[in-house]
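Q: Please take a close look at one aspect of this model, its pairs of oppositely charged side chains.

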Amino acid sequence: MSEQDALDAMKSDMDANNLYTEETVTDRKVGTIRVMTPILPTGARDHERPMLFIGEAQVMTQMGPLPISFEIPAQTVAEAVAAYGESAKAGIRETIEKLQAMRREAAHQIVTPGMPGFQAPPQQGGAGSGIVMP
């Protein structure tokens with residue numbers, strides 16, 4: 001499939017029945033909550049759908065910060081702020097479990113030429129091989 005075909009096949013229309021405005025709430029210390037308020041296509045508040053609260057946190061890893069997003073079960077901003085800590089722990093726990101599962105899956109994968117991470121071993125006596133043949 002050519003790039004143009006891929007672009008033509010891409011669905012880029014917004015869903016007018018699933019619109020939200022977004023506000024950010026933060027204490028500038030621990031976390032951030034994205035408040036997603038449902039709206040109608042006219043821009044008016046849609047009172048038929050509930051607000052959504054998405055928490056965001058970062059966990060430092062050996063490879064740098066790992067952003068984590070998680071839903072916070074709440075009806076109001078105050079409830080979301082109160083539930084942030086427990087929701088963050090659950091979101092981080094879930095992310096760690098997914099990473100461990102991905103690591104186990106990768107460890108059992110057979111590496112073949114052409115796959116990312118595949119490389120031929122260095123030639124004997126080559127620079128950086130640590131082995132010098134006479």
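How many salt bridges does the count come to by the rule in use?

A: The count comes to five salt bridges, where a salt bridge is a side-chain nitrogen of Lys or Arg within 4 Å of a carboxyl oxygen of Asp or Glu. This is a predicted model, in which local features need pLDDT of at least 70 and side-chain atom pairs count only at pLDDT 80 or more, while totals for chains, interfaces and linings use all residues. Residues are numbered from 1 along each chain as its sequence is written, and side-chain values use heavy atoms, with hydrogens and water left out.

Glu22 is partly exposed at 47% relative accessibility, and Arg34 is partly exposed at 22%, on a scale where buried means under 20% relative accessible area, exposed over 50%, and partly exposed in between (1.4 Å probe, protein chains only).

Helix 2 (residues 77-107) holds both Lys89 and Glu86, three residues apart, about one turn of the helix, and their closest N and O atoms are 3.5 Å apart in a salt bridge. Lys89 is partly exposed at 48%, whereas Glu86 is exposed at 56%. Also in helix 2, Lys98 and Glu94 lie four residues apart, again about one turn, and their side chains form a salt bridge at 3.3 Å, N to O. Glu94 is partly exposed, at 43%. Finally, salt bridges with shared partners join Glu22, Arg34 and Glu56 into one network.

Terms used. Helix = DSSP H or I, 4+ residues; strand = E, 2+ residues; numbered from the N terminus.
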